[in-house]
Amino acid sequence: MQKGSGGRLCRSWGHHRKLRDPRPRSTMPTLRSSSSQPQSASSPSRVSSPLQGAVAGGHRGFPASSSSVTVPCDDRASDQASEGESDSVSADEGSDFEDSLRRNVKKRVAKRPLKTTPVAKHPKKGSQMVRGHGQKESEPPASDLFDAVKAAKSDMQSLVDEWLDSYKQDQDAGFLELVNFFIRSCGCKGTVTQEMFRKMSNSEIIRHLTEQFNEDSGDYPLTAPGPSWKKFQGSFCEFVRTLVFRCQYGLLYDGFPMDNLISLLTGLSDSQVRAFRHTSTLAAMTLMTSLVRVALQLSVHKDYNHRQYEAERSKGPGQRAPERLESLLEKRKELQEHQEEIEGMMNALFRGVFVHRYRDVLPEIRAICIEEIGCWMQSYSTSFLTDSYLKYIGWTLHDKHREVRLKCLKALKGLYSNQDLTARLELFTSRFKDRMVSMVMDREYDVAVEAVKLLTVILKNMEGVLTDGDCESVYPVVYASNRALASAAGEFLYWKLFYPECETRTVDGKEQRQSPCSQRTFFRLLLSFFVESELHDHAAYLVDSLWDCAGSQLKNWESLTSLLLEKDQNLGDVQESTLIEILVSSVQQASEGHPPVGRVTGRKGLTPKERKIQANDKVKLTEHLIPLLPQLLAKFSADAEKVAPLLQLLSYFDLNIYCTRRLEKHLELFLQQLQEVVVKHAEPAVLEAGAHALYLLCNPEFTFFSRVDFARSQLVDLLTDRFQQELEELLQSSFLDEDEVYSLAATLKRLSAFYNAHDLTRWELYEPCYRLLRKAVDTGEVPHQVMLPALTLVYFSILWTLTHVSGSGASQPLSPQKQLMSLKGRMVAFCELCQSCLSDVAPEIQEQAFVLLSDLLLIFSPQMIVGGRDFLRPLVFFPEATLQSELASFLMDHVFIQPGELGGGHSQEDHLKIEQLHQRRRLLAGFCKLLIYGVLEMDAASDVFKHYNKFYNDYGDIIKETLTRARQIDRSHCSRILLLSLKQLYTELLQEQGPEGLNELPAFIEMRDLARRFALSFGPQQLQNRDLVVMLHKEGIKFSLSELPAAGSSGQPPNLAFLELLSEFSPRLFHQDKQLLLSYLEKCLQHVSQAPGHPWGPVTTYCHSLSPMENTAEASLQGYPRSKKRRIEGPSRRHREDISSSQEESLQLTSMPPTPTLTSTAVKTRQPLGGLEEMEEEGGSESEFTQGQPLSGTQRSEFSSPHHFRIPLNPPGPDLGNQLTRLSLMEEDEEELEIQNESSEEWQYTNKHSSPSEHGLDLLDSTELNIEDF
């Protein structure tokens, strides 16, 4: 919370609060003293700190006259009781890390009495310290407590009892053992000795421990990784709880141990050391929670004592026992004193720890505070469930960290779940309801889930609080992709809309069965919500969201089917379609238990109980729907949108029930309805669903297989006869009307759909379809709607034939050669047809031919003989060069096109654009598979790689995977293909724009981005990629100077700007290789005439990238780069931890943390020239980077010998104290960080399959860069 914001929020809170304390007076004691009167909690004059009286007295600061723990609504009353205290709290609001001087001058008033040592109340007895494990007398014993708690193996109660025994023997030694336990739990190596405890105050002890604290690793027991520390926090908290429990009847009220322990924890919680602050806050809040439970027990005992006293006093004079009355009065006085003691300790912990740590910079500390205050409110609501405490939870609902917001919501859910407490939450609800509703859309799913659950509890227990607008904010969440969130929203929807109307009545504690009318009401309400809300198009997601809370109603298939089959239901067309979708979705959910596509669930599988329920539900739904499915098909047979999902129901049936329950007559009815549906419809969804349903029934293991096979033969005979008749009419006639074309196309679609799932080879459909396609290619007289299914039919015919050949070859090693050659001939002929179709006028014909052709080429590639299938070698087919060229051309024309070339413009629907993009991705994936499996020449991949950057959003994942696989196959060849892609792009741009001003065009800048992405794909393994990068530079230099300017011309070579693209690969070079490349470039340029004194820009840029001075951090031979994240965050862990929470969320670009000496985060002065503006990751060693050594004499002469490309350099100064801004780090990293993360998978595979021994050439030898090669 920022400085000053607390007072503003409190004033707002006080403005809304105009009610008196709603708590009724009762004999149940509270944390308020019995003499306190109900009054406004915001009055500063009534706020008394029970710790202030200890300043003058030197003893415990818990006076019996005032025991109020209530924190007022206004911060001016709670945190500013005095001027000095106001300054201290205000300083703490902005930051938890003030200067030590200010901390020493302005101490919080609540902590002053706790600074006293135990000398005042418990004089030292002079006994020696108990020594353990041979320690010196002046040192405390070894912390056996810490080791025992860390091991978490012993009984915690026995451990506490042992410590109590040792404390009774020697109080000083026992207390020091307890103190050192907490110190060691913080991860501090220092210990508190008897001398320190006697002579130093708590602040001095903490300062001494802070100096001894070792923060090298940054881990401490609460955050340390590893199995040994996994359970430490639970054991630590359990120890504190057990300590209070065992001391609640004696030692808890002895002022010495608890007062000094609270003083120590309060001081540690204000430390700058994160480990001290975190651990002490956890201990203090756990101690506070235990004290609250003790206070609750004391209040119960006081109430019981009061009832006993009143009962005894109400007796007559003869029956009254004066001794008992006197003992009860003494007991009451003792309980009152104990309660005041507990209230004083709680007040000290709350004012000294919670009020400051609930806004700590560390989110874990804030979460601890909020979690514990929620426990206090639930367990001791009489004193803590007030607006003075609720405001802390309300303010923290806006916290930036998910864990803190989550703790707030869980605490509130526990409060709202108790109906007895809801009356006290009305003011809080009216103040913070909008925030709770808005958290439904939280970016963290678990926080959003808790927010929806909290609103559900409020909906149940506080009627009328949530308005219709609030509820409408939750309704869309039922369609969320996260299942936990959607399920929580589904429960909210159920309790809001369905439960009041479909409530299950209970009579004598037993639930009565819902009436059919009530069950139908549920589905009508569900229909109304889905249709009228218009939030989504698929009811399956709504069913899945409601499944956990309304699964029994959704599995009421009797009511669902009766609504669909009865005639007098007056359902509209949309309602019928939605109801059918709900039926299918509920059946699928009960049968399979999987959420809909795209909905994420964290569960890995079902429990045995859930699998048993699923099996029972599958039997029930099958028995109910088998007789009704033919009726449903008959009623909705004319509507394709309703028939298709009904046919899918068969996929979720237990088909054995047809036999075991003797339901064959219903099977006959279903087959009849299926045939009618297939003959009636030609939509792909209906035909695919019908073919799949028939495929499920055509299992030879079923006893009814013969019936189903006969029905299938009848259906295919009918379709085949119709096809033969219509085909003859088409081949003989020169003109067909629209009805005849539609009938032929529909028949072909039906046969194609069934050929996909069933073997129709014996009907010999290949020859007639091939004749039809041949006529279409030769004459162009066949309509396009007929060609599409004909192509698919021929494709399936070839695949089924291959299946027969492969199966027979497995049993007969010598497969008939004639059969193989026949199949090969059919395949080659079909490929020629598809190749001809690639130049067809209709785009759909072209795309279908490309897809089928790419699949066939992949199937009949050399991969088909792998796995002992050498007998299929005659079928292997390699495409000719013309076919490969046409495939690549088709890809350029149909895949890599700009969005404006789609032809739809802004009027195109979004879903249509998505479908088109999906189709283009399918085409690209088919082409890339041909490249990876060796069907096409790998050089053709350059046509794909050169679009990597331009079409990254659409096809980036596909191209990246192709690049990775290509590198796995041949690293050297892959590098040449990358260079070839850049050459092709450069040549195209050069032909379009000419050489003048080429490097200033936007297209050239995109090429530089592509080159940078290619360079990052090599990864950090410089040694393994050394020869590849050098080869790439060498070939690039050759290309840049391959075309020389005309004789006598002063212009630069037309390809010279290619050097600027090549400079993007320079960071991947070693220092020695850069020198050799500079020498190579110098010799090459000597053959090129140039006007003296006029350097060429591309040469200057390229030489600047090869300059050894440009190296900032050359990677080691192993090639492991430094972590970018550490460089961005800052120079040291302690500095990063001391950043405030607001700075962690949004980096302050103007902050300038000091640069540490000899670290890779130091950046030299930026070069004035263009070229590579980002810092090179792998250039130069760390010592070179920090010291900034200039070039040697030889290096300088080689670099600057030619006058025309001498480059002015600004070597960095020796000063290492330069300030490093976040802005400079972000500038150098934000362009490369995303791309480098994407290529990490490629690096990992290269690491596994490459070694330095692969690079046989000595790259330091001059023969590698021989000038004669040029």
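The following legends describe close-up views of a predicted model of one protein chain. Residues are numbered from 1 along each chain as its sequence is written. In this predicted model, local features need pLDDT of at least 70, side-chain atom pairs count only at pLDDT 80 or more, totals for chains, interfaces and linings use all residues, and side-chain values use heavy atoms, with hydrogens and water left out.

**View 1. Overall composition of the protein chain.** The secondary structure comes to 55 helices and 2 strands; helices (H or I, at least four residues) and strands (E, at least two) are DSSP runs, numbered from the N terminus. Of the 1270 residues of the chain, 52% count as buried. Buried means under 20% relative accessible area, exposed means over 50%, and partly exposed lies in between (1.4 Å probe, protein chains only). Among contacts between residues at least 6 apart in sequence, 77% join residues at least 24 apart, where contact means heavy atoms within 4.5 Å.

**View 2. Helix 12, residues 255–269.** At 1.5 Å a residue, the 15 residues of helix 12 should span 21 Å, which agrees with the 21 Å between its end C-alpha atoms. The expected span of a helix is 1.5 Å times one less than its number of residues. Helix 12 is mostly covered, with 14 of its 15 residues buried.

**View 3. Helix 26 and the glycine that follows.** Helix 26 (residues 573–592) has 20 residues. From its first C-alpha to its last, helix 26 reaches 28 Å, close to the 28 Å expected at 1.5 Å a residue. G593 follows helix 26 and has a positive phi, near 75 degrees.

**View 4. The contact of helix 14 with helix 15.** The axes of helix 14 (residues 322–357) and helix 15 (residues 363–379) come within 9 Å and cross at roughly 125 degrees. Axes are lines fitted to C-alpha atoms, for helices over the stretch in contact, and angles run from 0 to 180 degrees between N-to-C directions. Helix 14 and helix 15 are therefore oblique to each other; angles under 35 degrees count as roughly parallel, over 145 as roughly antiparallel, 65 to 115 as roughly perpendicular and the rest as oblique. From helix 14, F350, F354 and R357 meet I365, R366, C369, I370, I373 and W376 of helix 15. The residues of this contact divide into 7 nonpolar, no polar and 2 charged. Ala, Val, Leu, Ile, Met, Phe, Trp, Tyr, Cys and Pro count as nonpolar, Asp, Glu, Lys and Arg as charged, and the others, Gly among them, as polar.

**View 5. The contact of helix 28 with helix 31.** The axes of helix 28 (residues 640–648) and helix 31 (residues 684–697) come within 9 Å and cross at roughly 20 degrees, and the two helices are therefore roughly parallel to each other. Their crossing is left-handed, a term used if the near helix is turned anticlockwise from the far one by less than a right angle, with right-handed used if clockwise. Helix 28 contributes A640, V643, A644, L647 and Q648, which meet A685, V686, A689, G690 and A693 in helix 31. The residues of this contact divide into 8 nonpolar, 2 polar and no charged. An α-helix has 3.6 residues a turn, so residues three or four places apart point the same way.

View 6. R662 lies in the loop between helix 29 (657–660) and helix 30 (664–680). Although R662 is not a glycine, its phi is positive, at about 55 degrees. R662 is exposed, with a relative accessible area of 72%. E764 is found in the loop between helix 33 (738–757) and helix 34 (766–779). E764, also not a glycine, has a positive phi of about 50 degrees and is exposed, with a relative accessible area of 61%.

**View 7. L857 and its surroundings.** L857 is placed in helix 37 (residues 843–859) and, at 1% relative accessibility, counts as buried. Not counting residues up to four places away in sequence, L857 touches F877, P879, L883, L887, L930 and V935. The C-alpha atoms of L857 and V876, 19 residues apart along the chain, are separated by 9.0 Å.

View 8. N999 is found in the loop between helix 42 (971–993) and helix 43 (1002–1016) and counts as partly exposed at 30% relative accessibility. Not counting residues up to four places away in sequence, N999 touches F1004 and E1060. The C-alpha atoms of N999 and F1058, 59 residues apart along the chain, are separated by 8.8 Å. L1041 has its place in the loop between helix 44 (1026–1040) and helix 45 (1058–1062) and is buried, with a relative accessible area of 2%.
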